[in-house]
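Here are my notes on this one, jotted down as numbered points. Have a look at the model first, then read on.

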Amino acid sequence: MERDRWSSKLIFIFAAVGSAVGLGNIWRFPYLAAKYGGGAFLIPYLVMLLLIGIPLLILEFAIGQRMQVGAVGSFSRIKQRLSSIGFGAVLSGFIVVSYYAVVMAWCLLYIFYSFGLKWGADTKGFFFSNVLHISPNISQMGTVSVPILLALIVVWALIYFSIWKGVKSVGQVVLVTMPLPVILLIVLLIRGITLPGAIDGILLYLKPNFKALLDIEVWQAAMSQIFFTLSLAFGIMIAYASYQHEKSDISKSAITTSLLNSGISIVAGFAVFSTLGYMAQSSGVPLQELAQSSGPSLAFVVFPKALSMMPFAAVFAVSFFVMLITLGIDSAFSLVEAVATVVHDKYPHVKREHVSLWVSVAGFLTGIVFTTNAGLYYLDIVDHFITSYGLVLVGILETLAVGWLYGAAKLRTYINEVSDIKIGIWWDVLIKLVIPVLLVLLFISGIYKDFSQVYGGYPAKYVAIFGWGMLFVVLLASVFLSLFSEE
Ligand code: PHE
């Protein structure tokens, strides 16, 4: 059967950038920059981008395009048993999308709350009590929150209809979901930097503290951010590249995708910090304190408050949450598409619509656990363990398999045959040695930290179930699936 194709080169880049640019650019990057040395964080960030991000993205694009199949098929063509790497990648991705969609469901609810600024003065109380109905501790699961569940159904319907025909529909959807959030980001940026107090925020963001560079943790944070932000090790970029023609350019696409993604992160930092600067000035809360709020708190507690203080608050609030949802959706459906590609490769006669539907339904059902009153706690643990270990482990195996078994030099010959920008032997060295060694160090230091202190201060039992247990299940399932899928 003829493989589906992207309708143009531009659409492929849009889809790849759409996957890379997500919630991580808006709330993870600026927060890391503030925490780890302000402007000086850009140094480890850019070093890791050049050392790990771009070379690995080239690898994923190349292997998918060369093999013309998704992650599982790509690795099994190197060696049968290696399909487990592909399974590990897409299973981890499947878990990520199950909670990523829940965060998008919160964003969807907040679009409605934006009309009339329903969160009032106590945005923290509103988010945790009125929206999440959070239970006092992780051991009380409570019940499913109905509004979040309904919003989650809508989010999954949006995801499903974005991918139901595979890359054909993805190609049409990204024409909107890639540029729209960027335009909204620019609107919010202009609004942010023209507010009084903005400059204090920007100074905090950019003022370099070079001492931070001596701290190994800063380098680790930069490395895992690069992984996460480029959507590496989930089989996404492999799947997307498998829909390219075999003669398409690789290295230029990878470099373009990476630079656009990081550019958007850096711009997002200006938008976020100028707004925080304004808020600090008008509310008297110290800027440092605001900047320390990461993840959910930044988007659902600090930002709603900052937005309410502005003239035309509702307009900017709606823009902010529409931006988050349109940013998130192409990352979310790229994960589903990575899974659907693997299933479709294996069962090419099953209709694409049906594969997409079943993967979406499964993702929705898995995500229900995160809509319970203790959902945020579960989400926090699962996120930590998947991003600290699942991803890193897949990255290690991926570079070893391609570098040593397939042959970095062989793949590079192919890349240079089809690409305008030729890459040198340095790439082989990075893939075979430097990246796996760095990733192993990251892996070990993570294990060391998690063994010396239970993550997040949760009771050990829950970290064992949602963290280690979940990882173990993914690992076991990957090995089993690779045994059963032998051709
Ligand atoms: N790259 C996305 C972001 O920065 C997150 C993501 C990771 C999406 C992995 C898909 C897979 O938000």
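1. Glu246 and Arg66 make a salt bridge, with 4.0 Å between their closest N and O atoms. This pair joins distant parts of the chain, 180 residues apart: Glu246 sits in the loop between helix H12 (236-242) and helix H13 (251-283), and Arg66 in helix H3 (residues 42-67). Helices here are DSSP runs (H or I, at least four residues), numbered from the N terminus. Both ends are partly exposed, Glu246 with a relative accessible area of 38% and Arg66 with 32%.

2. Before going on, the ground rules. This is a predicted model, in which local features need pLDDT of at least 70 and side-chain atom pairs count only at pLDDT 80 or more, while totals for chains, interfaces and linings use all residues. Residues are numbered from 1 along each chain as its sequence is written, and side-chain values use heavy atoms, with hydrogens and water left out.

3. How many salt bridges are there? The count is seven, taking a side-chain nitrogen of Lys or Arg within 4 Å of a carboxyl oxygen of Asp or Glu. Side chains of opposite charge can pair when their charged atoms come close.

4. Next, Lys165 and Glu353, whose side chains form a salt bridge at 2.9 Å, N to O. Lys165 is in the loop between helix H7 (146-163) and helix H8 (167-177) and Glu353 is in helix H17 (residues 352-367), so the bridge ties together parts 188 residues apart in sequence. Buried or exposed, what about Glu353? Glu353 is buried, at 18% relative accessible area, whereas Lys165 is partly exposed at 37%. (Buried is under 20%, exposed over 50%, partly exposed in between, with a 1.4 Å probe and protein chains only.)

5. Asp420 and Lys252 also meet in a salt bridge, 2.9 Å from N to O. Asp420 belongs to the loop between helix H18 (375-418) and helix H19 (426-452) and Lys252 to helix H13, so parts 168 residues apart in sequence are tied together. Asp420 is exposed, with a relative accessible area of 54%; Lys252 is partly exposed at 34%.

6. Now the helix pair. Helix H5 (residues 83-114) packs on helix H16 (residues 313-346) at about 160°, axes 8 Å apart. The axes are lines fitted to C-alpha atoms over the stretch in contact, and angles run from 0 to 180 degrees between N-to-C directions. H5 and H16 are therefore roughly antiparallel (an angle over 145 degrees).

Key. Helices (H or I, at least four residues) and strands (E, at least two) are DSSP runs, numbered from the N terminus. Angles under 35 degrees count as roughly parallel, over 145 as roughly antiparallel, 65 to 115 as roughly perpendicular and the rest as oblique.
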